[in-house]
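Please look through the sequence and the structure before reading on.

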Amino acid sequence: MLWRMEFLTWVSCGCYGEKKGRVAFSKGLKGVLIFVGVIALLAYFEEAIWDGMIWKDHMELFPFMSGFEVLQNPVVISVVVALLVLPQVTHYVLDGFIWRISKDSSARIEG
């Protein structure tokens with residue numbers, strides 16, 4: 001939350017010098033790229049686990065998972081699938097709270 005206020009202050013104030021503004025933006029861009037890179041790696045490894053332990057459809061994309069056997073035990077499959085689905089379910093629940101429709105009619109956009 002604090003970084004948002006600092007960013008908004010930096011953007012709206014214009015009180016930082018030209019050189020200092022570029023340095024702050026480059027540090028911010030680096031942070032965003034690191035964040036996106038970490039998220040992309042986590043997504044790749046999640047897909048690798050899906051493919052290596054459950055589906056075995058795209059071994060050419062995940063060659064390091066070729067040594068894993070497809071799970072046969074229904075209980076283990078249930079636990080692994082539940083753990084793999086958890087981030088997606090969390091995403092949908094958070095989207096429901098963020099984008100929920102307001103019951104206040106004055107807050108709605110009429111079109």
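How many helices and how many strands are there in the protein? There are 3 helices and 0 strands, where helices (H or I, at least four residues) and strands (E, at least two) are DSSP runs numbered from the N terminus. This is a predicted model, in which local features need pLDDT of at least 70, side-chain atom pairs count only at pLDDT 80 or more, and totals for chains, interfaces and linings use all residues. Residues are numbered from 1 along each chain as its sequence is written, and side-chain values use heavy atoms, with hydrogens and water left out.

**Burial and core**
- Of the 111 residues of the protein, 11% count as buried (under 20% relative accessible area; exposed is over 50% and partly exposed in between, with a 1.4 Å probe and protein chains only).

**Aromatic residues**
- The whole structure holds 5 aromatic pairs (rings of Phe, Tyr and Trp, the latter by its six-membered ring, with centres within 6.5 Å; planes under 30 degrees apart are stacked, over 60 edge-to-face and the rest tilted).
- Tyr44 and Phe62 form a tilted pair, at 5.1 Å centre to centre and 45 degrees between the planes.
- Because Tyr44 lies in helix α2 and Phe62 in the loop between α2 and α3, the pair ties together parts that are 18 residues apart in sequence.
- Tyr44 is partly exposed, at 32% relative accessible area, whereas Phe62 is buried, at 6%.
- One aromatic cluster is formed by Tyr44, Phe45, Phe62 and Phe64.
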